[in-house]
Amino acid sequence: MIDDFANATLDKQWIHVDEKRAAKESPFKSTIAHGFMSVAMISKLLEDSFSIKSIKMGLNYGLNKVRFPNPVPRK
C-alpha cells in the first residue's frame with residue numbers, strides 16, 4: 001500500500017519506498033508510511049466502524065491541526 005500511495009501521489013521519498021536505504025540511514029531503521037496515507041485511510045476506517053442511515057451524503061469539511069507525532073513503520 002505504501003508503494004501504491006507513493007506512485008499515486010508522486011511522493012517517492014526514500015524514507016517511504018527504499019527499504020535498504022531506510023534500514024541504513026533512517027532513525028526508524030525501516031521505511032515509514034506517508035502521513036497523508038494515514039489520514040486518507042480514516043474515511044475507510046469510519047465507513048467500516050459505523051453507519052448513519054438518516055443521511056444521504058457526507059462532506060469532508062477538512063482537518064484542522066493535523067499532526068503526525070509518530071512514524072508508522074512498514075511491516
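Contact here means heavy atoms within 4.5 Å. With that in hand, here's a quick tour of a predicted model, a chain with 5 helices and 0 strands. Helices (H or I, at least four residues) and strands (E, at least two) are DSSP runs, numbered from the N terminus. Residues are numbered from 1 along each chain as its sequence is written. Since this is a predicted model, local features need pLDDT of at least 70 and side-chain atom pairs count only at pLDDT 80 or more, while totals for chains, interfaces and linings use all residues; side-chain values use heavy atoms, with hydrogens and water left out.

**Confidence**
- The chain averages a pLDDT of 90, with 100% of its residues at 70 or more; pLDDT is the predictor's confidence in each residue, from 0 to 100.
- Among the elements, helix α3 (residues 19–25) has the highest mean pLDDT, 96, and helix α5 (residues 42–49) has the lowest, 89.

**Overall build**
- Reading from the N terminus, the elements go α-α-α-α-α.
- The radius of gyration is 16 Å, well over the 11 Å that the globule rule gives for 75 residues, so the chain is more spread out than a compact globule.
- That radius is taken over C-alpha atoms, and the globule rule is 2.2 Å times the number of residues to the power 0.38.
- Along the principal axes, the C-alpha atoms fill a box of roughly 50 × 25 × 20 Å.
- Of the contacts with a separation of 6 or more, 54% join residues 24 or more positions apart.

**Surface and burial**
- Buried residues make up 17% of the 75 in the chain (buried is under 20% relative accessible area, exposed over 50%, partly exposed in between, with a 1.4 Å probe and protein chains only).
- The accessible surface comes to about 6,600 Å², and carbon and sulfur atoms hold 58% of that (Shrake-Rupley method, 1.4 Å probe; for residues, only the protein chains shown count as cover).

**A buried loop residue**
- S30 sits in the loop between α3 and α4 (35–40), and S30 is buried at 17% relative accessible area.
- Neighbours within four places in sequence aside, S30 is in contact with I15, A22, A23, P73 and R74.

**Positive phi without glycine**
- L10 has a positive phi of about 60° although it is not a glycine; L10 is in the loop between α1 (2–9) and α2 (14–17) and is exposed, at 70% relative accessible area.
- K65, another residue other than glycine, has a positive phi near 60°; K65 lies in the segment after α5 and counts as exposed at 73%.
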